[in-house]
Amino acid sequence: MSEDIKAFIEEINRRTDGEIKKIISEAEEKAKKIIKEAEEEANKIFQHEASSRLKLLRRRILGKAEMDARKELINAKNEILEKIYQISIKKLEQIAVGGDADIDYHDILTRLIEEAIATLDEGEVIIEANERDKEYLSVNLRKIESELSRKLSRNIKLRLSNNTIDVLGGVIVYNPSRTKIYNNTLEGRLNIVFQKYRNILGKFLFK
Amino acid sequence: MIYTSLSVLVEAELNAMKRIEEAKNKAKMIIKEAEEKAKEIKDINKIMQRVQKYVDEEEKRLRREAEKIYESYLREIEEIKNIPLSKLNEISDMIVKEVLGIE
């Protein structure tokens, strides 16, 4: 074989090797691209599905745990506040029957009537109270009347209602036409104080 | 002599064509395999199985997290439940004084 022929054959082989290399490498590139695109598409589906299911799951599990726990916390707080309320009721009950040597309930009753009259700004008022307080008031009405007239510097006329109210103590006071009513019962005042201090109590007790 | 040389060259050229044809077939095979693999990757059932597995794992993690949240609240609830009666009495005294209008 001549040298020229050998050179030709070598050239053919070199060209062929190059072309084969190109064909395979292009195929490999294309294959890589196909797989990459498939992975991207699969990941996109995965992300979309997983994130929407996770969102629901998070809301269901964590949201419920948080909600249940908060509910229990609020219940515990309310139970404590209710306990304080009940203790206060018992103390007021004791005071109203004269069970506390340091507190003169009759003085307080007179002050509750005074506060009601001062707020209503009426000369004549009707008083409702429980059976026990009515008994005391019926005996002492004139004395209280003159004491309040002196204190408020005007003539005050007190009348005791035939109605008896079921309260721990205190009074409901109104003018004869019943257009102005002042609830100064112990329960009424306790509820107002509780409302007023509820938030402060919460902060003080549940730091 | 010339005839022999030409036949050698033709044979070399034919051999080259054959090798190229084989390479093209191999390339087709590479792409076909890739397409099959891609089909497998995009198989919705397989993706959903992966999603389920992932969600199951996440659910376990979220349940542990939920327990921690609940426990942290429970500690607070216990503290509240254990507020001593003396403190409740103290507060009640203040409230009663306010109700009665006593300084």
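Predicted model: local features only at pLDDT ≥ 70, side-chain atom pairs only at ≥ 80, totals over all residues.
## Confidence in the model

pLDDT is the predictor's confidence in each residue, on a scale from 0 to 100. Chain A has a mean pLDDT of 94, with 99% of its residues at 70 or more.

Within chain A, strand 3 (residues 170-174) has the highest confidence, at 98. Helix 4 (residues 186-205) of chain A has the lowest, at a mean of 87.

## Where the chains touch

Let's turn to the contact between the two chains. Chain A brings 58 residues to it and chain B brings 49 residues. On the side of chain A that touches chain B, helix 1, helix 2 (105-120) and helix 4 each supply at least two residues. Helix 1 of chain A gives the most, with 46 residues.

Sorted by class, this side of chain A has 37 nonpolar, 17 charged and four polar residues.

## A helix pair to look at

Two packed helices are described by the angle and the distance between their axes. Helix 1 (residues 3-96) of chain A and helix 3 (residues 85-100) of chain B have axes that come within 9 Å and cross at roughly 55 degrees. The two helices are therefore oblique to each other, and helix 1 of chain A passes helix 3 of chain B in a right-handed crossing.

Which residues make this contact? From helix 1 of chain A come Lys83(A), Ile84(A), Ile87(A), Ser88(A), Lys91(A) and Leu92(A).

Key
Residues numbered from 1 in each chain as written. Chains lettered and ligands numbered in written order. Axes fitted to C-alpha atoms, helices over the stretch in contact; angles between N-to-C directions. Helix = DSSP H or I, 4+ residues; strand = E, 2+ residues; numbered from the N terminus. Parallel < 35°, antiparallel > 145°, perpendicular 65-115°, else oblique. Left-handed = near helix turned anticlockwise from the far one by under 90°. Contact = placed C-beta atoms within 7 Å. Nonpolar A, V, L, I, M, F, W, Y, C, P; charged D, E, K, R; others polar.
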